[in-house]
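I opened a new notebook page for this model. I wanted a first tour of its chains and how they meet.

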Amino acid sequence: MIALRGLTKRYGTKVAVDGLTCDIEPGKVTGFLGPNGAGKSTTMRMILGLDRPTSGQALVNGKEYAHLRHPLCEVGAVLDAKASHPGHSARTYLRAMARSNGIPTRRVEEVLELVGLTEVTGKRTKSFSLGMGQRLGIAGALLGDPGVLMFDEPVNGLDPDGVRWVRGLMRSLADEGRTVLVSSHLMSEMQETADQLIVIGKGTLIANAPIEQVIAGSSLTAVKLRSPQADALARDLAARGLGVEGDGGDELIVTGATIERVGELAHAAGAVLHELSMRAASLEQAYMELTATSVEYATPTSPTPDDSPKAQV
Amino acid sequence: MTTTPRASGVAPRGSGFVGAVAAEWTKLWGLRSTWLCLAATVVMAAGVAVLGIPRSPNGFEGDPPILDANSNIQAVMLLAQFAMVALAALPLTGEYATGAIRTTLTCVPRRATMLLAKVTVGGAVAALTGIVMGLLNMGVIAALYGPQYMEITAEGLGRGLLGAGFYLLTISLFVLGLGAILRSTAGAITTAIGVIVGIPLLSQIIGNETLTEISNYTPTQVSGVVLSGVTAMPYSLGSALLLLLGWAIVALAGGYAVLRYRDA
């Protein structure tokens, strides 16, 4: 497991990561989300001891990365597709890694087979495609059979088959009881694979919750109802502090309460209901809403009005 | 949800410094540039050794001069060392250029261990190469000039073999340290060439006293005392050896400080 304790990184006066405190737990896939420049990669680099935190700590299995005796057997990381020297073959790259941590070199052949690179083990990695580079990086991460895995944008450059493979791999790694931290900009990808979401913006923690909860918490997740007494019911619900939007007709969109609660309130008000249903936000909408105020490189003004969720908030 | 953290199924044996050295060794010989640099070193060393032979013994009137085992070694080193300068820089600066340094540091997160492993592997290869260059020089003298005209003394062997190995060792570590400071292959190599050739050359052209004084302490001038037994310098052989070591240690200390305090 990974524990961040007040993790902070400043570059001069600019704060990249600001007092991040959270635990990333084993047995699930934790999605690490945030706009560009939010501090995701910096956080991962600090966990690996590549960058020094200005203050605070990043602990892996209770220790700072630099104090792990066999780091590759505790943490595997894929930071980008360029982890190997282009002049080295896939085998040399993995052998050097294995030797540095006293890992038996037969593991090299095992992980090469696992990621499907057996045919190109002797080829220099400069000839590798982006997808092959990703697979090689994943092979390196799995070399020490670690209990903690971190992937920074793992599906970049992979073909649809590769994407499905990575998705399945992360799922099975988590199911084996490992800690899996995945950063991605692809919300649809997260919706498919993540159990837990950590959302950061401008270096601070915005949300750390199970994915269903993040979606449920969105203002775009609402209860839709239709009633002949819509106007009276709208006043009644609004008086109880719920968010109510009407379309002028018989339809109301109610936020801030569960579907059960809305049904009970309608009953108490004596309103006839023709429809009562959930309208769930997509993860993308929930995420956009969460990070709307913390987009680092936001377009200053939209040239044309658009109706994306970002523009609404 | 609480799940018991999963332990690794791989049983690692050893690691730390020994593992780091094994990894550096594997990486060094897995690169084509290593073989190219060594081949270039040998070709240049042999070439200069051949050119350095005075004349064919038959061309002398009377007795030809006797050559020491270490004669020409300084000239042999002068050119060939530059291939070794590249070889010394690349294992670190090449990793910065390609991003492979992140893998290296996640495998061996302790900066001192990582740097010492590179010092050990690079230093061993450089020292051995220096000795091989000395042997090559002797071989050329014996083959082309005639073994009977080559004098083998303990001092000549010491300077020509051990001196050459020591000189190349310190130059390589100096460049490795520069690479750790500058994190750039071009930067490390040009700085090294500036110190090894630039300053002595400039002082010869300008003839400024201060510059000459500074130049006397550059590795090239110091190496004259070690390799050829030059006596015109204001220091002894022992001090010369320490001076060469000093260049390496200062650069490495600077490199370690940068590694320690600057993000990878």
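My entries follow, chain by chain and then across the contact.

**Ground rules.** I noted that this is a predicted model, in which local features need pLDDT of at least 70, side-chain atom pairs count only at pLDDT 80 or more, and totals for chains, interfaces and linings use all residues. Residues are numbered from 1 along each chain as its sequence is written, while chains are lettered from A and ligands numbered from 1 in the order in which they are written.

**Chain A, overview.** I looked up the secondary structure of chain A and found 11 helices and 14 strands. Helices (H or I, at least four residues) and strands (E, at least two) are DSSP runs, numbered from the N terminus. The C-alpha trace of chain A spans about 75 × 45 × 40 Å along its principal axes. Of the 313 residues in chain A, 45% are buried. I use "buried" for 20 or more other C-beta atoms within 10 Å of a residue's own, "exposed" for 12 or fewer, and "partly exposed" in between, with C-beta atoms placed from the backbone.

I then turned to contacts, where two residues count if their C-beta atoms, placed from the backbone, lie within 7 Å. In chain A, 69% of the contacts between residues at least 6 apart in sequence join residues at least 24 apart.

**Chain A, six-stranded sheet.** In what order do the 6 strands of the open sheet run? I read E6-E7-E8-E3-E9-E10, with mixed pairing. Strands pair if DSSP finds at least two bridges between them. Strand E6 (75-78) and strand E10 (204-210) of chain A are the edges, each pairing on one side only. The twist averages 15° from one strand to the next.

Helix H4 (residues 130-142) of chain A packs on this sheet and touches E6 and strand E7 (148-152) of chain A. The direction of H4 makes about 170° with that of E6(A). For such angles, axes are lines fitted to C-alpha atoms, for helices over the stretch in contact, and angles run from 0 to 180 degrees between N-to-C directions. Helix H5 (residues 160-175) of chain A lies across E3, E7 and E8 of chain A, at about 150° to E8(A).

I checked one pair inside the sheet. Strand E3 (residues 29-33) and strand E8 (residues 179-183) of chain A are parallel, with 4 bridges. Opposite A:Val29 stands A:Val180 in E8(A).

**Chain A, four-stranded sheet.** I found another open sheet, of 4 strands in the order E12-E13-E11-E14 (chain A), with antiparallel pairing. Why is one side of strand E12 (243-246) and of strand E14 (275-279) of chain A left without a neighbour in the sheet? These strands stand at the edges, so each has a single partner strand. The twist averages 20° from one strand to the next. Strand E11 (residues 222-226) of chain A runs antiparallel to E14(A), joined by 5 bridges. A:Leu225 has A:Leu276 in E14(A) as its bridge partner.

**Chain B, overview.** I listed 10 helices and 2 strands in chain B. The pattern along the sequence is α-α-β-α-α-α-β-α-α-α-α-α. The C-alpha atoms of chain B fill a box of roughly 95 × 40 × 30 Å, taken along the principal axes. Buried residues make up 46% of its 264 residues.

**Chain B, helices.** Helix H5 (residues 111-145) of chain B has 35 residues and reaches 49 Å from first C-alpha to last, close to the expected 51 Å. That expected span is 1.5 Å times one less than the number of residues. Just after H5(B), B:Gly146 takes a positive phi of about 110°.

Next I looked at H3(B) and helix H6 (residues 154-182) of chain B, which pack at about 35° with axes 8 Å apart. The residues of this contact divide into 14 nonpolar, 5 polar and 1 charged. Here Ala, Val, Leu, Ile, Met, Phe, Trp, Tyr, Cys and Pro count as nonpolar, Asp, Glu, Lys and Arg as charged, and the others, Gly among them, as polar.

**B:Gly94.** This residue lies in helix H3 (residues 73-98) of chain B. Is B:Gly94 buried or exposed? B:Gly94 is buried, because 20 other C-beta atoms lie within 10 Å. Leaving aside neighbours within four places in sequence, B:Gly94 is in contact with A:His85 and B:Thr185.

**Where the chains meet.** I counted 46 residues from chain A and 38 residues from chain B in the contact. Helix H2 (residues 90-100) of chain A gives the most to the chain A side, with 6 residues. That side divides into 17 nonpolar, 17 polar and 12 charged residues.
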